Every structure is written in C-alpha cells, then in structure tokens.
Amino acid sequence: MTGDLGSENRTPADKAIIRINSLSKNFGAIQAVDGVSLEIQAGEFFALLGPSGCGKTTLLRMLAGLETPSAGSIVIDGEDMSRVPANRRPVNTVFQSYAVFPHLSVLDNVGYGLKVTGIRAAEVRDRAEAALDLVKLEGYGARMPDQLSGGQRQRVALARALVKRPKVLLLDEPLSALDAKLREAMRHELVNLQETVGITFIIVTHDQEEALSMADRIAVMDRGCVRQVAPPAQLYEFPTNRFVADFIGSVNLLEGIVSAVDGAEMTVQAALLAAPLRIVQDKRFVPGTKVWVAIRPEKINMTKLETGPTLRLDDNNQVEGIVEEITYLGDFSIYHVRIADRPEGLVKVAVPNFDRATLRPFIWEDRVILRWNPNSGVVLDS
Amino acid sequence: MKVRHNARRIQPGPLEYTRRAWMRMILLATFVFLYTPIATLVAFSFNDSRRNIVWRGFTTKYYEKALANDGLIEAFVNSLSIAFVSTFISIILGAMTAFMLWRFRFPLKPLYEGAVTLPIVIPEICMGVAMLVFFARIGWPTGLPWPLNLGQIAIAHVSFSFPFVAVVVRARLASFNPEIAEAARDLGAGEWAVMRDAVIPHMRPGLLAGGLLAFTLSLDDFVITFFTSGPESVTFPVKVYSMVRFSVTPEVNAASTVLVVITVTVTALALWIQNKQSSEARG
C-alpha cells in the first residue's frame, strides 16, 4: 500500500543532485539544524515544510552558501560544496523579500548575475530578455522595481535566479507575501515553470497546502530534524510519527497498546475505548508496544444512533458518542464528538455537506456512532 | 484654507492650533527673532553708505568691491579648497565608520560609537584649543607653500565633520535589506562587487546628504579654524572677522551674504535629499 503511492514518484538514489550528510548548524546554544541527511533528485520539486523556527530556512541558507554548516557536508552534483562560498555555487535563490535591486531596471536586475561573472553585454541582454519572457514579463525590461507590483517583483526575482541556469533553484517562502488568489495562481505557475526549465526546485514553506499541492516530495521538519520525507499523498495517508500526522492536516490520536498481531492485522487496545481496534497496515509492532492510532476526521463514518442499545462490546472500530460542538466550514462541517468523559475524549469527524436542505444532519447532543475501516487508521509508535 | 463653521464647538485638532491668534503671534515672533538680523545683514549689503548705519540708497558697488579685494578672494578660495578636501575625506572616513558600526560586532562597540560622535557634542572652543596644542606638540611644519599650508585646518575640519557623515550614513544603512546583499552574492558577486553593487547604491543618498553637511560645516567654521590657521592660511570667516575689527563696511555684509547664500543652498539640498530618502524608505 505504501509502495503504491510512492511508486509514481522517483525512488531515492535514482540520481541525487544534492546529498546532505548529517548536516548541523548551531547559533550559540541554539541548535537550528540537527544532523539532517537528505537526498534530493535531479529535476525534483522538493519542499521543506515545518513550523516557524524548525530550521528549514537555515537548511536552505546552508544550501545557498549563506550560512556555514557547523558539521556535516553538502554535495551538489558530485562536488563537496560545504565550504564553497555562495557566489561560486551552481545554486540560485529567490529570497523571501525578493531582494530586487531597487536602483537597477528590471532588465539590469535580471542580467546582473551574468554581468557580474563577466559575460559579454550582448549575451547578457539576450539571456535576460529570454528569462523575462519565461516569467511572462516581456516588455517590462525598462521599468524600475518601484513601478512593479509585488507579484511582478517576484517574477523578476525568479527570472534573475533562473537566468544563470543553476543546477538547483532555492525558493524561500516565495508565496507568503502574495494575496490568496495570486498565491494559488503562482503555485500552478511555479509547477509549470519547473517542468519547463527542468531545474531542481527546493522550496521552503510553512504552508502545508502549498507543499502538498506543488512538491513531488516533502521533508517535514521539526526542531532542526527531518521527521519524514515522502510524496504528498504518502505523507498524508501514511505518516510515520505523531508530529507529521498532526502537522499535516487534522488527525485524531488514540493512545493504546498493541495486544495482538495476526498476519496483516494488528489489534490495539485503546485507553479510551472498550472494544479493541483492528488496524491493517504494512508496518507491524510487537504486542505490548505503546502506540497511537491516528485516524483522519474525514475517514470516520458518522451515523445517528436510534433508540435502544445497539453497540455490542466486541464491535471493533466503532464507538458511541455525543455531538458536542459543530464547526461549519462551507464544504465540510467538523463535528467534535465526545466518546469518553475525559479531556482527550473528543474525536473530530469531518462530514461533507452534501445536501443544502439538511443543513444540519446532526445537531448538538445527538447520540451518534462512529465507524471506520481497519485500513483507515495508522498505528504510530513515536 | 477650508473653514469648518462648526469647528468652534469641537476640540481643535493638533494642527488647528495654528488658527489661533496667540499661536500665530508666537510663530511670527520666532521668525522675526531668528531672521531679522540676517535680513538686515543682507539688506545693508546693498546700502550706499560707508559707515553702514543709516540707509542711504541702493547699490551693488560693495559686491564689486568685495570681488576686487584680493585678501577676501584668497580667503574665499582657501575656504572652498579646505571644504572640498575635508568633505571628500570626511565622506570616506564617515562611510567606513558607518559601515563598520552597521556590519560588525566587536568588543566595546558602544564605547566606540560614543567616542566617534563625541566631536559633535564637544564645545568647539575646546576642539580648537586641543587642535592648536596638538599641532604644536607634534611640531606640524609651518610656512609650507599653498595649498599644503591649509593641511592643519583641513585635518581639524575632517575631525569634527566626519562624525556627522557617519551618523547620517549609519541611519541610512539601518533601512538596508540584508537580503539585497545576499542576493548579489548568490548571483555570483564577490565581497567587493557586493559592496559596489548592493551596499554603496543604498548608502548613496546618505553619503550625499552627509557630504553636503560636512561641506557647510567646513565652509563656515570659525572657532576651530581660528586656532589652527596661520597668517598665510586665512579662511573666509576668519578674514571677515578681521575686517569687522576695523570697521563694519557694506563690503563685509556683501561677503557674508554670499556665504549665507551658499550655506543655505547647500543645507537645503542636504535636507531635500534626506527627505527624499526617508519618503523612499516609507515606500
């Protein structure tokens, strides 16, 4: 199952353009990046995703050569670049503030990287104009940056970095300064652009939607460490730890202990539930292991409990509860269902709003049954 | 001005106080107090009278006379030479100081920052005496040919005007986006190219404004110059002072008017550039 989702993407060790080996960076007592190892494939759209302060930007700056690693190495296209200064790396960066030179025209901005490395003026102009075409800014060459909108300035920054034909393009939160509509349009454009130029893109973002929609693979970072590297769908459906499960999307975590393993099926006795949970997954744990069962809110089926006792004790993957809170989100409603009289006894259930007529298929204090399939949950041991 | 008729009933805003009579009187008094002496000076430079106390009619002959006064012209040339040289050196020293304070962290930095700006607050007379003693102590050669005989004055001027350049440029650098320098580096620029293409273009308005400030400070400095100038190196303000000691003729007025015009023009230019850069910084 895990393999199914992963196989449409390149497997690691295919052709790594960047190899990061146990890379660390500390600023005084603060460990910004802590022993990160990663392989990024040529032509890949790779995302570094994590909350602010997780070290993703520091990692990107080390790739660019703007920070010196405290330990570990960076190999770009077979060459050790750990101690090579930024101006001599085959890598270019689109900065968060775009950092367009305010005193240069658009064309001079784009051509700067070529001019400063001693390329003939005529070639500089031709290549800069071609790069402007690429980002759909043809005819803007004579303008000054203060005559451009934020989105246009970002295109200048993109063209300026791409004109040097780097082996890797680094993008530091490139969409964070744009408004919501433009951001969505730029996502598609960046993906198309990456396909057109065929350059490896590494993007840093704190926005999971951005990473999920654009990247071929995502590395989720937390406190300086990479917690999981996987394609978007695998990351969402098969997180390998609680941090990833919780950071990507929304999740219900049920604490329990593995009580039995039978073939592909694991039985977990959850602390909150009377009946044990049955989970089918590739990765198995020995009985007695302390685990968490992660279930996505949209993978839980909710039905109204009619009068009378209906649940038998040995009904697996079912639980009775009471609707406590309803959050209407337009396309979905999130129901908070109390399944146990404890602070952690609330389960989130996402129900699509199919029908306009029944605006509220469930109301507060409704008694409901929650059900899910054995392959809907993921068992995590960390 | 648009007058709101119901304004009497509501509390006046901060800018509406200027509509009150007493406020206007204070404003007027301030202007009179500040500018009457200068206006008188300028007006009497056109006075057709030797003793320059009673108005006797309009003339420009004292300007001609001032122009024909070799001593005065020589002093004026000296002043301009000193101003250009000391401004040039002040800009370089000031920019370097500002850059160092902005870019680097080092032990005792606050102390250094304070020491650099000390010449701005030290009384000029102390600076003058200090310079006099200093040059005497190190045995600075006298009687050098022009323009080397202006060296002492130029050095003294640099010492009090470069802190002004440093302060102005330092303020300008505070608004610099370090990602601009990183972008230049990322695109292939070495340390010097980053400086030339990213940092100095940003500093430029500060350099210009600081330079103009240094120029006017040097041009009209009297106290410090008086202590460092010799008989062969008289500057314009010192020359005017010596002329006044004999008699206040309209010639002195004419010469002073020229100095006022130059100083005001250069200062206005400096302020205008600073305003422009701060409105740029606001976006």
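A:Glu173 is buried, since its relative accessible area is 7%, where buried means under 20% relative accessible area, exposed over 50% and partly exposed in between, taken with a 1.4 Å probe and protein chains only. You can find A:Glu173 in the loop between β7 (168-172) and α6 (180-197) of chain A. Helices here are DSSP runs of H or I with at least four residues, strands are runs of E with at least two, and both are numbered from the N terminus. Leaving aside neighbours within four places in sequence, A:Glu173 is in contact with A:Lys56, A:Gln96, A:Val204, A:Thr205 and A:His206; contact means heavy atoms within 4.5 Å. The phi of A:Glu173 is near 45°, a positive value in a residue other than glycine.

A word on the ground rules: this is a predicted model, in which local features need pLDDT of at least 70 and side-chain atom pairs count only at pLDDT 80 or more, while totals for chains, interfaces and linings use all residues. Residues are numbered from 1 along each chain as its sequence is written, chains are lettered from A and ligands numbered from 1 in the order in which they are written, and side-chain values use heavy atoms, with hydrogens and water left out.

Now meet two more residues. A:Ser22 sits in strand β1 (residues 16-27) of chain A, and this residue, although not a glycine, has a positive phi of about 30°. A:Tyr140 belongs to the loop between α4 (121-134) and α5 (150-162) of chain A. Beyond its neighbours within four places in sequence, A:Tyr140 is in contact with A:Val106, A:Leu148 and A:Gln152. How far apart in space are A:Tyr140 and A:Asp34, C-alpha to C-alpha? The distance is 43 Å, and 106 residues separate them in sequence.

| Residue | Relative accessible area | Class |
|---|---|---|
| A:Glu173 | 7% | buried |
| A:Tyr140 | 22% | partly exposed |
| A:Ser22 | 43% | partly exposed |

Let's step back to chain A as a whole. Its secondary structure comes to nine helices and 20 strands, and its C-alpha trace spans about 85 × 50 × 40 Å along the principal axes. Of the 382 residues in chain A, 50% are buried. Among contacts in chain A between residues at least 6 apart in sequence, 66% join residues at least 24 apart.

Next comes the inside. In soluble globular proteins, nonpolar side chains tend to be buried together. A nonpolar core is a set of buried Ala, Val, Leu, Ile, Met, Phe, Trp, Tyr and Cys residues joined through side-chain atoms within 4.5 Å. The largest one has 54 residues, and A:Ile18, A:Leu48, A:Leu59 and A:Ile202 touch the most other members. Its largest share, eight residues, comes from helix α8 (residues 191-219) of chain B. Setting aside neighbours within four places in sequence, the contacts of A:Leu59 include A:Ile20, A:Val33, A:Leu48 and A:Met221. Apart from this core lies another, of 44 residues, among them A:Tyr98, A:Leu107, A:Ala211 and A:Ala230.

Finally, how many residues does each chain bring to the contact? Chain B gives 16 residues and chain A gives 26 residues. About 1600 Å² is buried between chain B and chain A, with 55% from carbon and sulfur atoms; buried area is the accessible area (1.4 Å probe) that two parts lose on being put together, summed over both. In chain B, B:Glu179, B:Asp186 and B:Leu187 lose the most area to chain A, together 41% of what that side buries.
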